[in-house]
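Here is a friendly note to read alongside the model. Please keep the structure open as you go through the points.

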Amino acid sequence: SRALHVSQPTIREALLQLEHAGLVTRSPQRETVVTRLTSEDIRERAALRVLLESEAAIAALPRMGPEEFKILDQKLEAIHEALAKDSYHEFVAADLDFHRQIWEFSGNRTLAKVLEIITVPLFAFLSIQRSRVLKDLAHIVRSHDPIAAALRSGDATAIREAFRQHIDSSYRNFTAESAAEGAQAPPNKPGN
């Protein structure tokens, strides 16, 4: 609190909000540490994302007209611009923003909240891990384009398949890398 020039209750409230968002974990000893996801945690969250996010997209279809597709195209363009600039943090923010827009278009606030709880810690944890090892974003292709194309098709099967492929490919390599690194990783310590 001294370093940030804020009161301790402000820090406690911020930590509670971060805990609620799944970004930190509090232990019985009252330590607070940044959430670390295991390969199994990542697989579980990815599987839930495939199911829930594709259903959110299907629910969004009747609500999506030319204006909504224009908004989605703008979100997609932000992803492409971040990739072109090789800006990893901008890419992650644009990526999450694209997905959140689809959740919002579903009109199902509960589903959007559940996806937020599942996805934000996953994005945060993987972003930290990936930003340490990625040298450039050249290997990331336009992986969100098939999602937009599937939405435009209006075909529920194509939408489910686009999300399955996108989410599976996003996490498949990382879970393999994570499993290999996990054997060498030091235990989680406060402040890490």
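How many helices and strands are there in the protein chain?

1. **Overall layout.** There are seven helices and two strands in the protein chain. Helices (H or I, at least four residues) and strands (E, at least two) are DSSP runs, numbered from the N terminus. Starting at that end, the elements follow the order α-β-β-α-α-α-α-α-α.

2. **What kind of model this is.** The model is predicted: local features need pLDDT of at least 70, side-chain atom pairs count only at pLDDT 80 or more, and totals for chains, interfaces and linings use all residues. Residues are numbered from 1 along each chain as its sequence is written, and side-chain values use heavy atoms, with hydrogens and water left out.

3. **Confidence.** The predictor's confidence in each residue is its pLDDT, which runs from 0 to 100. For the protein chain the average is 82, and 83% of the residues score at least 70. Among the elements, helix 6 (residues 145-153) has the highest mean, 95, while strand 1 (residues 24-26) has the lowest, 75. Over residues 182-192 the pLDDT is below 50, and this stretch has 11 contacts in the model beyond near neighbours in sequence. A contact here means heavy atoms within 4.5 Å.

4. The protein chain has 192 residues, of which 35% count as buried. The scale is relative accessible area: buried is under 20%, exposed is over 50%, and partly exposed is in between (1.4 Å probe, protein chains only). Of the contacts in the protein chain with a separation of 6 or more, 74% join residues 24 or more positions apart.

5. **Two packed helices.** Two packed helices are described by the angle between their axes and the distance between the axes. Helix 2 (residues 39-60) and helix 4 (residues 88-105) pack at about 55 degrees, with axes 7 Å apart. Axes are lines fitted to C-alpha atoms, for helices over the stretch in contact, and angles run from 0 to 180 degrees between N-to-C directions. Helix 2 and helix 4 are therefore oblique to each other; angles under 35 degrees count as roughly parallel, over 145 as roughly antiparallel, 65 to 115 as roughly perpendicular, and the rest as oblique. On the helix 2 side, Arg49, Glu53, Ala56, Ala57 and Ala60 meet His99, Ile102, Trp103 and Phe105 of helix 4.

6. **Threonine 119.** Is threonine 119 buried or exposed? With 0% relative accessibility, threonine 119 counts as buried. This residue lies in helix 5 (residues 109-133). Leaving out residues up to four places away in sequence, threonine 119 touches Arg49, Leu96 and Trp103.

7. **Salt bridges.** The structure holds nine salt bridges, each a side-chain nitrogen of Lys or Arg within 4 Å of a carboxyl oxygen of Asp or Glu. One of them joins lysine 85 to glutamate 90, with the closest N and O atoms 2.7 Å apart. Lysine 85 is exposed at 54% relative accessibility, whereas glutamate 90 is partly exposed at 39%.

8. Salt bridges link Glu161, Arg164 and Asp168 in a network. Arginine 164 pairs with glutamate 161 at 2.4 Å between the closest N and O atoms, and with aspartate 168 at 3.1 Å. Arginine 164 and glutamate 161 are three residues apart in helix 7 (residues 156-182), so about one helical turn separates them. Aspartate 168 and arginine 164 are four residues apart in helix 7, again about one helical turn.
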